[in-house]
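Please look over the sequence and the model before reading on.

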Amino acid sequence: MDTGRFDHWLAAYRRAWEEADTPAVLGLFTEDATYRSHPLRPVHAGHDGIAVYWTQATAGQRDVRVRFGEPIAEGDRVAVEWWATMTADGDPVTLVGCLLLSFAADGRCRALRECWHVAEEVLDPPAGWGRVEAPAERPPPDPDAAGPGGGDPAREHARRWAEGYERAWRAADPEAAAALYAPATHYRSEPFREPDLGREGVLAYTRRAYATEADQDPRFGTPVASGASAAVEWWCTTLEEGRPATLIGTSFLTFAPDGLVATARDYWFLEPGTHQPFEGWGR
């Protein structure tokens with residue numbers, strides 16, 4: 001999708017949210033669009049379904065301010081982070097999440113799914129939030145680096161990361177997971193947590209996380225990748241402290257030239273029970 005056209009779409013989406021303008025947001029979607037606000041809830045289908053959801057979701061919101069990070073765009077797919085503050089039903093709220101979007105040829109969105117976290121206070125984004133290019137680390141284009149398309153290694157870096165992390169997660173091997181990250185990496189496992197710094201920080205976090213899990217069955221979606229960055233969806237059924245649970249999320253990654261992760265930010269839902277991906281997930 002043309003970058004300028006997407007920037008226009010995103011600005012219109014922000015205005016529609018801040019102004020609770022349901023007709024305006026409907027104009028951004030195809031008539032048969034799907035809008036999935038949570039992976040385990042019914043999808044909002046078509047303009048009628050989106051209108052009902054959007055009207056209900058924004059009814060109690062006041063003083064809304066929406067910020068977007070830098071988008072990652074590849075073909076007709078776009079991934080972007082968002083940070084919204086508001087008063088919801090009289091209480092201060094910060095909603096932080098990401099959008100995974102697919103676009104039709106006319107520039108309207110034909111599929112949206114999102115992942116988000118909520119805090120019951122008004123918070124500003126931390127330094128570096130929303131950046132998707134590793135500073136001063138992007139190598140010059142290499143026509144042979146990314147296969148037939150050439151010139152953009154992020155897709156290959158993301159594929160290798162996803163394959164490596166899937167193996168490590170399935171084997172409950174925190175050392176193998178941490179080895180995928182650069183020595184000076186900056187990793188934020190949830191938007192409102194403090195970051196884990198350096199490979200040792202990632203190793204410490206992963207040891208804690210894996211220690212509560214058993215019978216992990218992770219799978220990873222097709223990355224949205226461009227430049228030095230990628231967004232990768234993941235879905236993992238597991239036993240969390242002995243109880244069936246499903247982790248569903250998206251990682252926003254930037255890569256160093258050697259393919260190790262320079263920065264990472266995760267967005268996810270942890271849901272009780274064992275749930276399989278819906279049709280079309282991860283694509």
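Which residue of β6 does V78 stand opposite? V78 faces L101 in that strand. The structure is a predicted model, in which local features need pLDDT of at least 70, side-chain atom pairs count only at pLDDT 80 or more, and totals for chains, interfaces and linings use all residues. Residues are numbered from 1 along each chain as its sequence is written, and side-chain values use heavy atoms, with hydrogens and water left out.

**The protein as a whole**

- The secondary structure consists of six helices and 14 strands, where helices (H or I, at least four residues) and strands (E, at least two) are DSSP runs numbered from the N terminus.
- The radius of gyration, taken over C-alpha atoms, is 19 Å, close to the 19 Å that the globule rule (2.2 Å times the number of residues to the power 0.38) gives for 283 residues, so the protein is as compact as a globular protein of that length.
- The C-alpha trace spans about 50 × 50 × 35 Å along its principal axes.
- Of the 283 residues, 53% are buried, meaning under 20% relative accessible area with a 1.4 Å probe and protein chains only.
- Of the contacts (heavy atoms within 4.5 Å) between residues at least 6 apart in sequence, 61% join residues at least 24 apart.

**Strand β6 and its partners**

- Strand β6 covers residues 91–103, and eleven of its 13 residues are buried.
- Strand β5 (residues 77–88) runs antiparallel to β6 and is joined to β6 by twelve bridges; two strands pair if DSSP finds at least two bridges between them.
- The hairpin of β5 and β6 has two residues between the strands, and D89 there takes a positive phi near 55°.
- On the β7 side, ten bridges join β6 to strand β7 (residues 109–119), and these two strands also run antiparallel.
- T94 stands opposite A119 in β7.
- Five residues lie between β6 and β7 in their hairpin, where G107 in the turn has a positive phi of about 90°.

**Residue Y205**

- Y205 belongs to helix α6, which covers residues 198–211.
- Is Y205 buried or exposed? Y205 is buried, with a relative accessible area of 17%.
- Beyond its neighbours within four places in sequence, Y205 is in contact with Y187, S189, R193 and D196.
- Y205 and E19 are 186 residues apart along the chain, and their C-alpha atoms are separated by 40 Å.

Conventions:
Buried means under 20% relative accessible area, exposed over 50%, partly exposed in between (1.4 Å probe, protein chains only).
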